[in-house]
Amino acid sequence: MTSSLQYVFRTTLAIRGATGLTRAIKSASNSRQVHTASNFPYTTDISSSPFASIQRGKTRSIMPTFSSMEEERIYRKEHLALAFRILHRYGFAEGVAGHCSVRDPVQPDTFWVNPQGKSFARMRQSDLIQCRVEDGEILKGELPVDASATSIHSQMYKAAGRGRGQEGGSEGGVESLVHVHSPYTKAFSSLNRSLSMISQDACAFYEQQALVPFAGGVFDNQEGARIASFIRSHHKVAILQNHGLLSVGRLSIDEAAWWQISFEMCAKAEILASSSLHPKETFVFAEKNNIIDTRNEIGTSEMGWFCLAAYVEEEEWHSKGEHKL
Ligand SMILES: [Zn+2]
């Protein structure tokens with residue numbers, strides 16, 4: 001988190017349902033100042049936190065609010081630059097492959113995406129290219145953008161609309177997208193199935209993984225629209241078969257980056273566990289009620305944002321402010 005940003009708490013009402021589910025509903029009003037310690041914003045108002053059920057003592061505060069759309073634009077672009085650096089640090093960059101984007105809050109019919117061939121490790125907010133949602137056309141920026149980025153991202157933003165809490169937005173709306181070719185995910189994408197429920201972390205993805213058949217390289221909006229047509233409002237990720245993964249951020253770029261990292265870890269765990277099975281052995285699968293309870297705790301958009309927070313803190317330390325340039 002940047003120390004220059006003033007963190008206020010979006011009053012959040014945690015509603016516990018009959019099944020013990022926790023669902024966060026945010027209100028832009030009634031903002032509340034939170035404390036910080038070692039770059040770690042927290043609140044004492046535990047009842048208002050979406051993390052209340054998983055923490056004791058004081059509670060981590062949720063996403064910051066902003067005094068203007070322009071301030072939010074800066075935050076989103078800086079976190080997108082940090083997301084590239086994090087993905088590089090964990091081995092998710094490969095050649096010229098990979099593109100991540102965030103919707104522009106000032107002009108929500110546009111989004112910011114990386115120039116193709118620019119190092120993930122050196123990404124700065126000023127390197128990002130602004131494109132139009134309608135057709136992926138480049139509006140601002142000198143460098144070239146991967147045609148598959150403009151086509152997939154534009155058609156996904158167009159089909160899904162704005163995310164929760166935004167004007168005209170919905171639960172199924174999209175504010176950010178992350179796509180890379182990470183090694184275990186790429187291997188897993190050839191299996192014609194979604195993750196098995198063999199770990200607590202995999203539960204976050206239960207029944208929220210779209211499978212998109214491979215139809216060659218993506219170079220036009222028609223193919224981008226075909227991919228978008230497979231991704232429903234409840235999906236976190238789309239397994240692009242024989243290719244890689246597209247993860248969705250309903251609230252933030254941090255969330256989309258985290259689902260990408262978490263899916264890779266789950267795919268790795270499943271491949272490693274598969275290789276260790278003795279003949280006639282099978283996995284111990286999680287039970288459905290436990291899977292759903294776990295997904296409702298660790299699989300929310302807010303948790304996705306929070307899970308990346310430590311990586312963001314580390315990357316800001318490495319960057320020494322370069323990502324803000
Ligand atoms: Zn790709």
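1. **S8 and S12.** In this predicted model, strand S8 (residues 99–103) and strand S12 (residues 176–180) run antiparallel. Four bridges join the two strands. Within this pairing, histidine 99 stands opposite histidine 179 of S12.

2. **The sheet around them.** S8 and S12 belong to an open sheet of eight strands. The order is S11-S10-S9-S8-S12-S15-S14-S13, and the pairing is mixed. Strand S11 (138–140) and strand S13 (209–212) stand at the edges. Each has a single partner strand, so one side of each is left without a neighbour in the sheet. From one strand to the next, the twist averages 25°.

3. Valine 212 has leucine 240 of S14 as its bridge partner.

4. **S14, residue by residue.** Strand S14 covers residues 237–240. Val237 and Ile239 point one way, Ala238 and Leu240 the other. Which of these are buried or exposed? All are buried. As background, side chains in a regular strand alternate between the two faces of the sheet.

5. **Nonpolar core.** The largest nonpolar core has 66 residues. Ala83, Val237 and Ala257 touch the most other members. Helix H5 (residues 253–276) supplies the largest share of this core, nine residues. In soluble globular proteins, nonpolar side chains tend to be buried together.

6. **Alanine 257.** Set aside neighbours within four places in sequence, and alanine 257 is in contact with Ala83, Ile86, Leu87, Val178 and Leu308. Ala83 is also listed with alanine 257 among the core residues that touch the most other members.

7. **H1 against H8.** The axes of helix H1 (residues 69–89) and helix H8 (residues 309–319) come within 10 Å. They cross at roughly 90°, which makes H1 roughly perpendicular to H8. On the H1 side, the contact is made by His79, Leu82, Arg85 and Ile86. H8 contributes Tyr311, Val312, Glu315, Glu316 and Ser319.

8. **Helix H4.** Gly224, Ile227 and Ala228 are buried in H4 (residues 221–230). Why do they lie on the same side of H4? They cover an arc of only 100° around the axis, and this puts them on the same side. The buried residues of H4 pack against helix H2 (147–160), S13 and S14.

9. **Helix H6.** In H6 (residues 288–298), the residues Ile291, Arg295 and Asn296 are buried. Their arc around the axis is only 130°, so they are on the same side of H6. The face turned away from that buried side carries Asn289 and Asn290, which are exposed.

10. **Positive phi, asparagine 192.** This residue is not a glycine, yet its phi is positive, near 60°. Asparagine 192 sits in the loop between helix H3 (183–188) and S13. Is asparagine 192 buried or exposed? With 10 other C-beta atoms within 10 Å, asparagine 192 is exposed; the cut-off is 12 or fewer.

11. **Positive phi, lysine 280.** Lysine 280 is another residue to check: phi is positive, about 70°, although the residue is not a glycine. Its place is in the loop between H5 and H6. Lysine 280 counts as exposed, with 5 C-beta neighbours inside 10 Å.

12. **Lysine 186.** This residue is in helix H3. Leaving aside neighbours within four places in sequence, lysine 186 is in contact with His181 and Gly244. The C-alpha atoms of lysine 186 and isoleucine 239 are separated by 9.0 Å. Along the chain, these two residues are 53 residues apart.

13. **Whole chain.** The protein chain has 325 residues, and 42% of them count as buried. There are eight helices and 15 strands. Among contacts with a separation of 6 or more, residues 24 or more positions apart account for 65%.

Conventions
Residues are numbered from 1 along each chain as its sequence is written. This is a predicted model: local features need pLDDT of at least 70, side-chain atom pairs count only at pLDDT 80 or more; totals for chains, interfaces and linings use all residues. A residue is buried if 20 or more other C-beta atoms lie within 10 Å of its own, exposed if 12 or fewer, and partly exposed in between; C-beta atoms are placed from the backbone. The arc is that of the directions from the helix axis to the C-beta atoms. Two strands pair if DSSP finds at least two bridges between them. Axes are lines fitted to C-alpha atoms, for helices over the stretch in contact, and angles run from 0 to 180 degrees between N-to-C directions. A nonpolar core is a set of buried Ala, Val, Leu, Ile, Met, Phe, Trp, Tyr and Cys residues joined through C-beta atoms within 7 Å. Two residues are in contact if their C-beta atoms, placed from the backbone, lie within 7 Å. Angles under 35 degrees count as roughly parallel, over 145 as roughly antiparallel, 65 to 115 as roughly perpendicular and the rest as oblique.
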